[in-house]
Amino acid sequence: MSVFHDCLTGIETLIEGLSLTGFADANIIVQKLPWVRGIDIPCVIISPIDDPVRRVNNQQNEIGYGCHVVIVTAGNQSQTAGFDDFSDWREQIEEELRSDKLSAVSSIINITIEPSGLILSDAFRKQYDASAFVARCFSRESG
Amino acid sequence: MAGANDIIAYGFGSWSTVAKLPTLGFSAAAVPAATSEWHQCAEDIKTLIAAMGVDEWTTDTINIQKQPWDRPTQPTGGVILSPAIEKRLPMTNKKDETQFGILVSALIGSNQDVSDATELSQLLTWRQTLRDGLLKQTTVGNSYDTELRMGRVVIDGAFRGMFDVTQLVVLCKARI
């Protein structure tokens with residue numbers, strides 16, 4: 001098992017623990033890519049994006065595991081319906097990640113949030129409301 | 001008049017009937033000896049990867065190729081080593097600091113199952129294994145050090161082509 005996979009499943013567990021209104025646990029899922037395929041919406045998809053590595057000292061490297069969090073619901077191209085709920089879900093998830101620091105993964109020392117679009121235009125055109133950000137989980141590992 | 005994509009080489013051999021690149025008149029393609037620094041680095045990285053203890057990675061399934069394409073690697077799993085960036089930084093009158101970039105592509109057939117947890121876990125474990133085994137190496141070619149540039153974890157285009165592929169670039173730093 002890899003640290004990256006632990007980060008992804010750890011984020012999945014944290015989001016499930018928020019009990020967001022309208023989200024079943026089965027629709028909060030870790031996937032290879034943020035594609036809506038075979039799952040019901042609203043959903044939260046957590047997928048790996050990148051993992052830059054830098055040296056910090058002779059014995060350790062710091063890896064920033066980029067975990068892409070995408071929240072998807074049906075938008076039907078409405079400019080207003082569900083907008084406030086959507087923003088609230090995103091803020092709850094971001095705040096939980098910032099405060100918990102993914103304590104279940106022992107090598108993680110910090111998490112930062114890299115916001116992507118609040119409402120993604122391409123998804124909106126396809127009748128979805130989708131919101132995304134990257135939770136970057138910094139890990140110190142021997143190497 | 002030659003088209004925009006033709007390459008015209010004046011005075012060289014004859015046009016190939018397969019592609020619009022001129023042959024040089026040799027009866028058989030000249031195969032260069034693997035003495036280039038890039039090839040030495042690639043061969044040593046191949047040896048390192050084959051020794052990492054991953055069942056799918058053997059000397060038969062780790063291929064040094066011109067392009068990171070899925071031939072002749074079998075879809076059961078393998079690694080392709082292909083050229084990436086190369087940088088030269090002037091250092092002294094006799095030597096440059098040269099960074100030879102080797103793109104490492106680990107791949108396996110996936111059938112576009114985006115939610116398969118076992119396959120994703122395997123891909124991430126492979127990636128961590130490669131990272132831990134290729135960083136800060138001093139026995140690769142004439143390199144004194146290696147750095148990594150981690151690529152995308154799951155390559156979207158390859159996934160559409162029924163492969164799970166993860167990539168990174170090894171920069172082999174040498175003074176030559």
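This is a predicted model: local features need pLDDT of at least 70, side-chain atom pairs count only at pLDDT 80 or more; totals for chains, interfaces and linings use all residues.
## Chain B at a glance

Let's start with chain B, which has 3 helices and 5 strands. Along the sequence they come in the pattern α-β-β-β-α-β-α-β. Of the 176 residues in chain B, 39% count as buried.

As for contacts in chain B with a separation of 6 or more, 56% of them are between residues 24 or more positions apart. The chain exposes about 9900 Å², and carbon and sulfur atoms supply 54% of that area.

## Where the chains meet

Chains A and B bury about 2400 Å² between them, with 57% of it on carbon and sulfur atoms. On the chain B side, B:Val114, B:Arg131 and B:Lys136 lose the most area to chain A, and together they make up 26% of what that side buries.

On the polar side, the interface has 13 residue pairs in polar contact, counting pairs with both residues at pLDDT 80 or more.

## Salt bridges across the interface

The structure holds 20 salt bridges over all chains, and 5 of them run across the interface of chain B and chain A. In general, side chains of opposite charge can pair when their charged atoms come close.

One of the cross-chain pairs is A:Lys32 with B:Asp164, where the closest N and O atoms are 2.8 Å apart. A:Lys32 sits in the loop between S1 and S2 of chain A, while B:Asp164 belongs to strand S5 (residues 163-175) of chain B, so this pair joins two chains. Both A:Lys32 and B:Asp164 are buried.

B:Arg131 turns up again here: it forms a salt bridge with A:Glu141, with the closest N and O atoms 2.8 Å apart. This pair also joins two chains, because B:Arg131 lies in helix H2 of chain B and A:Glu141 in strand S6 (residues 128-142) of chain A. B:Arg131 is buried, with a relative accessible area of 3%, and A:Glu141 counts as buried at 10%.

## A charged network in chain A

Within chain A, a network of salt bridges links A:Arg90, A:Glu94, A:Glu95 and A:Arg98. Take A:Arg98 and A:Glu94, whose closest N and O atoms are 3.9 Å apart. The two are 4 residues apart in helix H2 (residues 83-100) of chain A, so about one helical turn separates them.

Is A:Glu94 buried or exposed? At 11% relative accessibility, A:Glu94 counts as buried, whereas A:Arg98 is partly exposed at 37%.

A:Phe23 is in the loop between helix H1 (3-17) and S1 of chain A, and is buried, with a relative accessible area of 9%. Leaving out residues up to four places away in sequence, A:Phe23 touches A:Ile28, A:Pro42, A:Cys43, A:Val44, A:Ile71 and A:Trp89. A:Val44 is 21 residues from A:Phe23 along the chain, with 8.3 Å between their C-alpha atoms.

A:Ile41 lies in the loop between strand S1 (28-30) and strand S2 (43-50) of chain A. With a relative accessible area of 32%, A:Ile41 is partly exposed.

Key:
Residues are numbered from 1 along each chain as its sequence is written. Chains are lettered from A and ligands numbered from 1 in the order in which they are written. Side-chain values use heavy atoms; hydrogens and water are left out. Buried means under 20% relative accessible area, exposed over 50%, partly exposed in between (1.4 Å probe, protein chains only). Buried area is the accessible area (1.4 Å probe) that two parts lose on being put together, summed over both. A salt bridge is a side-chain nitrogen of Lys or Arg within 4 Å of a carboxyl oxygen of Asp or Glu. A polar contact is a pair of N or O atoms within 3.5 Å; within protein, one must be able to donate a hydrogen and the other to accept it, and residues adjacent in sequence count only if both atoms are side-chain atoms. Contact means heavy atoms within 4.5 Å. Accessible areas come from the Shrake-Rupley method with a 1.4 Å probe; for residues, only the protein chains shown count as cover.
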